[in-house]
Amino acid sequence: MSLIEIKDLKVHYPIRTGFWNRITDSVRAVDGITFNIEAGETYGLVGESGSGKSTTGKSVVGLEKVTSGSILYKGQDITKAENRRKLDYNRDVQMIFQDSLSSLNPRKRIEDIIAEPLRNFEHLSKDDEKLRVLQLLDIVGLDADALYKYPHQFSGGQRQRIGVARAVATNPKLIIADEPVSALDLSVQAQVLNFMKKIQREFGISYLFISHDLGVVRHMCNNIAIMNRGRLVEIGTRDDIYNHPLHIYTKRLLAAIPETNVNQREAHRASRLAVEKVYQEQQSKYYDDDGEAYPLVQISKTHAVALPQALAQQLATQEGEVQA
Amino acid sequence: MAENFEQHSDISAADLARLSQEAQAEATPSTAKIIWSEFKADRPAMAALFIIVGFIVFVMVGALFINTPKMMETNIMAYFNQPFTPEFWLGADSGGRSVAKQLIVGSRNSIGIAIGLTIISSTFGICWGLISGYFNGYIDWGMQRVYDFMMMLPMTMMIIVLVTIIPHYNSVTLTFIFSIFYWEGTSRLIRSRTLAEAEKDYVAASRTSGTSHWKIIFREIMPNISSLIIVDCTLSFAENIGVETGLSYLGFGLPSQTPSLGTMISNANDPNNITQYWWTWLPAALEIIILCLAISYVGQVLRRAADASQRQGAAD
Ligand SMILES: Nc1ncnc2c1ncn2[C@@H]1O[C@H](COP(=O)(O)OP(=O)(O)OP(=O)(O)O)[C@@H](O)[C@H]1O
Ligand SMILES: [Mg+2]
């Protein structure tokens, strides 16, 4: 059984207007997505801005009111607040936020910030609690004198570590990492990612790793889902996605990864333009008449893509030939 | 599970005392300390604080020694007595009543009403705004319709009507009547900031940490808008001194037998008093101006201290 099973999840935001506040329309931020997260793995959720990644992540931690669909944890549907309470759900599922500054209460000292989940879920004695906080600071590589400081006294990378310390405080099974490094500069990104991996190994945590950058996801994730306008357009292993992408949207995201090898810049540019051309010309083939993604069809045991059956098969064989 | 953390960290219980002591030494000063050093760095504000506190204590205590009904008795002999005489330091009014004594009792009444009004209306307005802004959705919508309704009522007229309807009122009832109409501004202000604050990730983080809604509202969000609350309260306090004064001046505040800053200033309604008998109204007017200025000075310092980033005095 998977750790978390997300089934046909939909989150629609009503648009209300007028004096009576009637619902006149809705934003379909997440529109029917299904995937599973296994224990101990890092699952990547990738898509451009506004594709509904954060909304998905927030639904999984229980911050978002879900329109329909279910999220199963230990066989219980945690989209219901009552089930979350019964399971002490957030003790097992925590979140790291994108903006480290806004995710730490500026009026609280680091000790109180990290201890918050402990106080609510574990009820330790005062000394045990302080000891745990000090250990957590040590694990994320911060000194003990951080204890009585305030968030603004730290750098962005240090703050994100504090966010990680808070998330692992109750030793959770799953952490939703919503673009945890996209606000940090490159050198610090690598640091934070590395110790997120280290913590994963040591504590056996699963991550739902949300990012808009396939370059970062490559280093973190075994399984990846590509999200586009609230729907999943491709699911697969790292190999499936990076080496045999089928959906044009995936190809575009891949083409957008900056090329670091100077000698191949020209070739990279050419392939990016080619992908862009296909996207412009063949959009109607890849999306249905309303411009929305098709339902997913299974290509192999691990690989699924949102295309009509026939096209999917055709592309898959083409892709196979290229590889052969 | 604790072993899990023991394994991956070198820190053990033995280090606890030493490490927390080290951390204590590095700790950021507490809010009270920051506020105090802020006052020390700003002399005019320090003076303003002493003026306000000293004056309030003086009138509160002083008024206890004055027999008000006796003081308010008419004394023909002292009709418009000149000021700076041994018996009448600030002279006497048309009824021969000591202006100095009236000023003390009147200040007590006016300031008492202003303090009461500020406490009641601000507390209510802050809670209303916080709850309305945090819960967003139907609760917010309902609370905002109540707010709209209250704003539609013509405030001054309603107060005047209520004051005329209620047969026996004193400063306490008057404070409550005012309070009904003075929480709206605060609530709107607080709500708009709460709306923005509730969107921030630290609120989401608190929710995933298992903290309850009420704790989030009053322990997480409220401290973050404390500078706004402090500024709003000081400004309302200054404004509320004016509320009672204004209505009493118009004759709808406290009854004329109860001295207040408003009733004293209304002496200036008589053109004779304005030019000839200036001592009947000038002290009260000056007092209001000085008080309001001092309060706004203190408010500024409190705000600076609350905005930790803006502080001047604290050596950081
Ligand atoms: N509270 C809300 N009310 C209405 N619409 C919303 C709300 N939150 C998000 N949306 C909309 O839902 C869509 C998905 O938003 P979401 O934040 O999940 O995107 P995202 O993939 O995380 O993007 P980014 O990479 O920029 O963080 C967007 O179009 C956004 O405008
Ligand atoms: Mg996002």
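**Salt bridges, a buried glutamate and a pocket**

In this predicted model, the side chains of Lys74(A) and Asp92(A) meet in a salt bridge, with N to O at 3.6 Å; the term denotes a side-chain nitrogen of Lys or Arg within 4 Å of a carboxyl oxygen of Asp or Glu. The pair links distant parts of the chain, 18 residues apart: Lys74(A) stands in the loop between β4 (68–73) and β5 (76–77) of chain A, and Asp92(A) in helix α3 of chain A. Helices (H or I, at least four residues) and strands (E, at least two) are DSSP runs numbered from the N terminus. Lys74(A) is partly exposed, at 49% relative accessible area, whereas Asp92(A) is buried at 10%. Buried means under 20% relative accessible area, exposed over 50%, and partly exposed in between, for a 1.4 Å probe and protein chains only.

Residues are numbered from 1 along each chain as its sequence is written, and chains are lettered from A and ligands numbered from 1 in the order in which they are written. Local features need pLDDT of at least 70 and side-chain atom pairs count only at pLDDT 80 or more, while totals for chains, interfaces and linings use all residues; side-chain values use heavy atoms, with hydrogens and water left out.

Helix α3 of chain A takes part in a further link. Glu122(A) forms a salt bridge with Arg91(A), the closest N and O atoms being 3.4 Å apart. Glu122(A) lies in the loop between α5 (110–121) and α6 (126–139) of chain A and Arg91(A) in helix α3, so this pair ties together parts that are 31 residues apart in sequence. Over all chains, the whole structure holds 20 salt bridges.

Glu244(B), in helix α13 (residues 226–250) of chain B, is buried yet has no salt bridge, and the nearest side chain of opposite charge, Arg108(B), is 11 Å away. Here Lys and Arg count as positive and Asp and Glu as negative, with His and the chain ends not counted.

The largest pocket contains about 2000 Å³ of space. Its lining comprises 46 residues, of which Leu63(A), Glu64(A), Lys65(A), Phe135(B) and Arg207(B) are the closest to its centre. On a 1 Å grid over the protein atoms alone, a pocket is an open set of points where a 1.4 Å probe fits, with protein on both sides within 12 Å along at least five of seven lines, and lining residues have an atom within 4 Å of a point. Grid points are joined across faces, edges and corners, and the volume is the space filled by probe spheres set on the points.
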